[in-house]
Amino acid sequence: MSATDFTSQFNTVPKDALNPIREKAFQAFTQLGLPGPKHEEWKYTRIGGLFNKEYLLTGAAADIKLTDAQLADVRLPGWEQANELVFVNGVFSAASSVIRSAALTVLPLEEAATGAYASLVAAHLGASAKYLNDGINALNTAFIHGGIFVHVKKGSAVEHPVYIYHRLNAGSVLAQPRSLVYLSENAQIQITENIRTEGGAESFTNAVMEIVVEQDALLELYKIQNDLTGNHQVNTTHIHQTGKSYTHTVTISLNGGVVRNNLNLVLGAEHCEANLYGLYFGDAQTHIDNHTVVDNVKPHNLSNELYKGIMDGNSTAVFNGKIFVQPQAQKTNAFQSNKNILLSNDATVNTKPQLEIYADD
């Protein structure tokens with residue numbers, strides 16, 4: 001696609017505030033391209049070959065309403081009481097979604113970018129690019145369409161869990177869901193994300209979720225990855241704790257083709273706490289890659305990271321955990337551990353812990 005074709009695709013709505021963000025990301029993508037073997041962060045995970053086929057790129061489409069039968073295999077226990085946010089082929093489906101909590105506001109990203117939340121969207125949408133300077137992240141931003149903005153009111157606890165379902169049902173599709181979540185001061189939320197593909201067609205999900213956590217807010221985030229072997233995914237989560245706050249993330253990878261998880265935690269205020277947990281079980285030809293970054297920007301922060309894997313068959317796994325302690329981040333406590341069990345002589349794990357300390361404490 002040329003720059004002219006790209007511009008004409010999204011500039012059909014002149015007042016779309018996301019157009020400049022898309023165009024900047026598209027320029028970055030054309031310069032960076034897809035990550036290759038010379039890209040250190042992708043040394044053990046090759047995705048270039050996955051794009052040597054034709055995918056259906058999700059464009060403008062009507063709001064598709066899924067039936068209960070179509071949602072049956074992606075729904076999580078207790079869904080009857082949960083807030084359900086449904087993406088179909090990477091595009092948010094309001095018709096299939098149910099919001100039960102008054103403290104929760106869900107808007108299309110395009111609408112949030114021009115309304116009362118415009119300043120929040122402008123300040124935080126695309127923040128993950130600083131930590132993920134690669135073409136696959138830029139690709140998602142360049143083609144933002146059908147994304148959502150989720151806001152939790154100040155001093156409010158979302159009384160029902162938020163279930164985010166990603167349903168792929170259009171054959172060989174390139175799905176690129178995008179979401180921006182904002183937890184106001186003293187807010188609480190529990191989010192669980194699940195991806196399922198219908199049928200046997202090979203597909204690719206390139207998902208980006210950016211979360212902002214304000215003073216005294218609490219975030220619990222769970223990701224369940226148990227999809228078909230032909231479904232590949234790059235799942236990026238970028239969390240910025242802008243005030244003293246608590247975050248708890250759990251990533252469970254059980255099945256799929258090539259699975260890459262990028263998890264970034266930016267501890268941007270004093271006395272933040274972050275807990276990162278991961279469990280992965282690989283079999284057959286499954287490839288699971290977990291990349292984490294914990295950036296301690298301010299002093300007196302605590303992070304605890306524990307990832308465990310069990311690999312069988314010809315499966316492969318990667319763990320790369322980075323911890324940064326910036327010059328002003330004195331009195332930082334950061335823990336990291338990765339443990340693996342190989343059940344097969346043909347299974348492999350590449351693990352690389354990294355610690356960069358710039359503080360003189």
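**Ground rules.** I'm working from a predicted model, where local features need pLDDT of at least 70, side-chain atom pairs count only at pLDDT 80 or more, and totals for chains, interfaces and linings use all residues. Residues are numbered from 1 along each chain as its sequence is written, and side-chain values use heavy atoms, with hydrogens and water left out.

**Helix α6.** I looked up α6, residues 135–142 (helices are DSSP runs of H or I, at least four residues; strands are E, at least two; both numbered from the N terminus). Eight of its eight residues are buried (under 20% relative accessible area; exposed is over 50%, partly exposed in between; 1.4 Å probe, protein chains only). At its start, a side-chain oxygen of Asp134 comes within 3.3 Å of the backbone nitrogen of Ile136.

**Aromatic pairs.** I found seven (Phe, Tyr or six-membered Trp rings with centres within 6.5 Å; planes under 30 degrees apart are stacked, over 60 edge-to-face, the rest tilted). Phe26 and Phe143 are edge-to-face, at 6.4 Å centre to centre and 85° between the planes. Phe26 lies in α2 and Phe143 in the loop between α6 and β5, so the pair ties together parts 117 residues apart in sequence. Phe26 is buried at 7%, and Phe143 at 9%. Tyr307 and Phe319 have centres 5.2 Å apart and planes at 40°, so I log that pair as tilted. Tyr307 is in β17 and Phe319 in β18; both are buried.

**Cluster.** I also noted one aromatic cluster, formed by Phe51, Tyr55 and Phe204.

Definitions and conventions. Polar contact = N/O pair within 3.5 Å; in protein donor to acceptor, adjacent residues only side chain to side chain.
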